[in-house]
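Subject: Structure for you to look at

Hello,

Here is the structure I promised. Please open it first, then read my notes below.

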Amino acid sequence: MDDPLDRLDALVRARRGADPASSYTAGLFARGRPRIAQKLGEEAVECVIAAMGPDPQSIVPEAADLLFHLFVLLADADLTLADVRAELARREGVSGLEEKAGR
């Protein structure tokens, strides 16, 4: 597993059953999908705020937090990175306007 995103996904999934007192990730799982989704939304807003600032590099840590919380949500929903990759592959070569119209 050379890809950092694959390693993060595996780590998140490994912590799903861990003790919430010893793992932030396990604590998110224990609090349920509404809390996970709330955290994802908070991180998305923080990423947007960083994007509106003068330093583009400030987006990077916020994007990392956003991806982390997205991985927690995917794991909680029993979805995988492979599911997301398959959806992205399905969309390849399709214009964004066409893809949106097909939903």
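Start with helix α2, residues 24–31. Thr 25, Ala 26, Gly 27, Leu 28 and Phe 29 are buried there. Buried means under 20% relative accessible area, exposed means over 50%, and partly exposed lies in between (1.4 Å probe, protein chains only). Helices are DSSP runs of H or I with at least four residues, numbered from the N terminus. The buried residues of α2 pack against α1 (4–14), α3 (33–52) and α4. Contact here means heavy atoms within 4.5 Å.

Look at both ends of α2. At its start, a side-chain oxygen of Ser 23 comes within 3.3 Å of the backbone nitrogen of Thr 25. After α2 comes Gly 32, with a positive phi near 95°.

A word on the basis. This is a predicted model, with residues numbered from 1 along each chain as its sequence is written. Local features need pLDDT of at least 70, side-chain atom pairs count only at pLDDT 80 or more, totals for chains, interfaces and linings use all residues, and side-chain values use heavy atoms, with hydrogens and water left out.

Next, the charged pairs. Side chains of opposite charge can pair when their charged atoms come close. A salt bridge is a side-chain nitrogen of Lys or Arg within 4 Å of a carboxyl oxygen of Asp or Glu. By this rule there are 10 salt bridges.

- Asp 9 and Arg 13 form one of them, at 3.0 Å from N to O. They sit 4 residues apart in helix α1, so about one helical turn separates them. Asp 9 is buried at 12% relative accessibility, and Arg 13 is partly exposed at 28%.
- Asp 78 pairs with Arg 16, with the closest N and O atoms 3.0 Å apart. Asp 78 lies in the loop between α4 and α5 and Arg 16 in the loop between α1 and α2, so the pair ties together parts that are 62 residues apart in sequence. Asp 78 is exposed at 58%, while Arg 16 is partly exposed at 33%. Asp 78 also has a positive phi of about 55°, although it is not a glycine.
- Glu 42 pairs with Arg 35, with the closest N and O atoms 3.8 Å apart. Arg 35, Lys 39, Glu 42 and Glu 43 are linked in a salt-bridge network.

One last item: which helix holds Leu 67? Leu 67 is in α4, residues 59–76, and is partly exposed at 36% relative accessibility.

Best wishes

Definitions and conventions: Helix = DSSP H or I, 4+ residues; strand = E, 2+ residues; numbered from the N terminus. Polar contact = N/O pair within 3.5 Å; in protein donor to acceptor, adjacent residues only side chain to side chain.
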